[in-house]
Amino acid sequence: KELGPGMRKALAERIIAAGPVGVSARVAAFIGPTGVGKTTTIAKIAARAALMDGARVALITIDTFRIGAIEQLQHYADLMELPLHIAGSSAALRAAVRSNQGADLILIDTAGRGPRDVAQLAALREVLGSTDPVEVHLCLSATTRGREQALAIQSYRPLQPSRFCLTKLDEAISLGEALNLHEASRLPISYFGVGQRVPEDLELCTPEGFVDRLLSPEPQTAGTSDRPRAQKEGLLA
């Protein structure tokens, strides 16, 4: 049964949207478990900021562990003609941030860590805490079960995420657990990842948009209005 306007409004009022990346700091890091789509999310955000908004964007990866991680981000950086820095230590991260003082936005890709990998999570916290104020986005997949999502929230809290990005909405059957997670954590939502296309399949979260997706009977992908621009700039799905 279709909810009336009053019920939809009441549901939307439960949603806290974080706004676009870079609201609280020009340096933003994306953290989260393995396989949730952090690198692809960064590529989407970078493409929109640099190619569509004309912002000066720099990319940094501190993921020197996953095979192919640097190559994946380097591919996107080359297509967008953006600088990419590899930082394997706290000192290297500080140097990379300092060398991009003129950038409007610096996006940091991190290695995926399991929620129970306490030592590596502590090391990641130390590295991220060594530089300028960082806006930390916790990336979680909408296809992950609620208990695992809650464990990730708890395990990543020492890294002080200020918002979370919900990925793989196009693969999720229901977003009910994501709503429960949002309300339990009280972390504002920044973006929805709704597919693999760069940069089209990324949505800035709004309360109304979340409600639309929550109540939709079918998984949704983003619209295609930006695709001609993306193709013109050389970014292909």
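Helix H3 covers residues 69-80, twelve residues in all. In this predicted model, H3 runs 17 Å from its first C-alpha to its last, close to the 16 Å expected at 1.5 Å a residue.

Now, which residues of H3 are buried? They are Ala69, Leu73, Tyr76, Ala77 and Met80. Looking down the axis of H3, you find these buried residues within an arc of 100 degrees, so they line one face of the helix.

What do the buried residues of H3 pack against? Their partners are H2, E2, strand E3, which is 84-86, and strand E4, which is 105-109. On the face of H3 turned away from the buried side, we have the exposed residues Glu71 and Asp78. Just after H3 comes glutamate 81, with a positive phi of about 55 degrees.

Next, alanine 55. Where does it sit? Alanine 55 is in the loop between helix H2, residues 38-52, and strand E2, residues 57-61. Alanine 55 counts as partly exposed because its relative accessibility is 23%, and the cut-off for buried is under 20%.

As for contacts, leaving aside residues up to four places away in sequence, alanine 55 touches Ala49, Ala50 and Asp104.

Technical notes
Residues numbered from 1 in each chain as written. Predicted model: local features only at pLDDT ≥ 70, side-chain atom pairs only at ≥ 80, totals over all residues. Heavy atoms only, no water. Helix = DSSP H or I, 4+ residues; strand = E, 2+ residues; numbered from the N terminus. Buried < 20%, exposed > 50% of the residue type's maximum accessible area, 1.4 Å probe, protein only. Contact = heavy atoms within 4.5 Å. Expected span 1.5 Å × (residues − 1). Arc of directions from axis to C-beta.
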